[in-house]
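Welcome! Please take a moment to look over the sequence and the 3D view before reading on.

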Amino acid sequence: MIKTDEKDLDNEKDVSEDEIDLNQLFDILWKRAFTIIFITALFAVGSIFYSLQLTNYYKSEALLSVRDSVQSEGMLSQLSGGMSSMLGVSLPGSGDTKAMEIIELIQSRNFTKHLISFDNILPSIMAAESYNRSTKEIVFNKEVFDSETKNWTREPNEDGEVVPTYLEAHRAFTTGLLTISQDKETGFIKIQIEHISPVFASEFLQLIIDETNNILRGKDLKEANEALEFLKSELSETSYLEIKDSINRLIESQLETQMLAKVNEDYSLSVIDPPYVPDQKSKPVRSVIVIVLTIIGGFLGVMTVLVRHFFFREN
């Protein structure tokens, strides 16, 4: 019984010491409340000025569907088991494969190299500084690009190049401007372009869609022409009626591919929701910046008071 009473007394003593410590802590903070409020207010005001200095960015997006390859179903239904290998004709992939091909094409370095061949694309990616809402024009950083003389004025890179390379443009394009994804359930592709100019974001996104269709159209036309030449040569050399019938059906399929490639503007990507000029910024979210920095200021204020009290008092 005596040992138990001693333990109870020790526990009560520890609890009372903890209460005294907490009371002492709150008393210290209360006495230095002005310091905490001052530091918090300083961070709050500073965060407001900081957030107002940040450049607005605007995001334009488009929703697209992938057109199925016409020659895919035709070939699969017309060719018998070993006929395709006999003729050396490779069958196209599925719709998912086509969508992944398009996504990888848009993200490729070669596609960026093609895009920056258009006027004003490279400066808009690499040298945009601000956006003039009254003239709806991009203001370029004069230390990087002179819009009047159309000359690059930046410091040369490691290779001594003043004009940004397509590799530099590709990094800026894929990490700062482009967001692309596919909905696994519907198969739709969503592409977003974020830029300080809402007009450029919309026009650049439309250019990406158009050039994707143009490149894939040209690729399929080239393949169809090569396939037609091959099939016609095989047709003239074979004497088997079944093979001739199969080749004729393949020729019809390739001609249909050529017709659709020349007729359809939306050859591979069909636009469901087209690009638009956004009227609201996508970032920065200034209210979140102010709240977070104010909370950080309050925390630093509390830590400053406690460190000054305990550390300097002990010294």
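Here is a short tour, from the overall build to helices, ring pairs and the core.

## The chain at a glance

This is a predicted model, in which local features need pLDDT of at least 70 and side-chain atom pairs count only at pLDDT 80 or more, while totals for chains, interfaces and linings use all residues. Residues are numbered from 1 along each chain as its sequence is written, and side-chain values use heavy atoms, with hydrogens and water left out.

The chain has 11 helices and eight strands; these are DSSP runs numbered from the N terminus, with helices (H or I) of at least four residues and strands (E) of at least two. Of its 315 residues, 35% are buried. Buried means under 20% relative accessible area, exposed means over 50%, and partly exposed is in between, using a 1.4 Å probe and protein chains only. Among contacts with a separation of 6 or more, 73% join residues 24 or more positions apart, where a contact means heavy atoms within 4.5 Å.

How far apart are the end C-alpha atoms of α2? They are 30 Å apart, which agrees with the 30 Å that its 21 residues should span at 1.5 Å a residue; the expected span is 1.5 Å times one less than the number of residues.

Buried residues of α2 are Ile36, Ile39, Thr40, Ala44, Ser47 and Ser51. Seen down the axis, the buried residues of α2 fall within an arc of 140°, so they line one face of the helix; the arc is that of the directions from the helix axis to the C-beta atoms. On the other side of α2, Phe34, Leu42, Phe49, Leu52 and Gln53 are exposed.

## Aromatic rings

Rings of Phe, Tyr and Trp (its six-membered ring) pair if their centres lie within 6.5 Å; planes under 30 degrees apart are stacked, over 60 edge-to-face, and the rest tilted. By this rule there are five aromatic pairs. One of them is the stacked pair of Phe34 and Phe38, with 6.4 Å centre to centre and 20° between the planes. Both lie in helix α2 (residues 33-53), four residues apart, about one turn of the helix. Phe34 is exposed, at 65% relative accessible area, and Phe38 is partly exposed, at 48%.

Phe173 and Phe204 make an edge-to-face pair, because their ring centres are 5.6 Å apart and their planes are at 70°. This pair links distant parts of the chain, with Phe173 in helix α8 (residues 166-177) and Phe204 in helix α9 (residues 198-237), 31 residues apart. Both Phe173 and Phe204 are buried. Elsewhere, ring pairs join Phe140, Phe145 and Trp152 into a cluster.

## The nonpolar cores

A nonpolar core is a set of buried Ala, Val, Leu, Ile, Met, Phe, Trp, Tyr and Cys residues joined through side-chain atoms within 4.5 Å. The largest core has 37 residues, and those with the most contacts inside it are Ile106, Phe173, Ile189, Ile191, Ile193, Phe204 and Ile208. Helix α9 gives the largest share of this core, eight residues. A second, separate core of six residues includes Leu228, Ile243, Ile247 and Ile251.

## A buried proline

Pro164 is in the loop between β5 (151-152) and α8. Is Pro164 buried or exposed? Pro164 is buried, with a relative accessible area of 6%. Not counting residues up to four places away in sequence, Pro164 touches Leu122, Met126, Trp152 and Arg154. Pro164 and Met126 are 38 residues apart in sequence, yet 7.6 Å apart in space, C-alpha to C-alpha.
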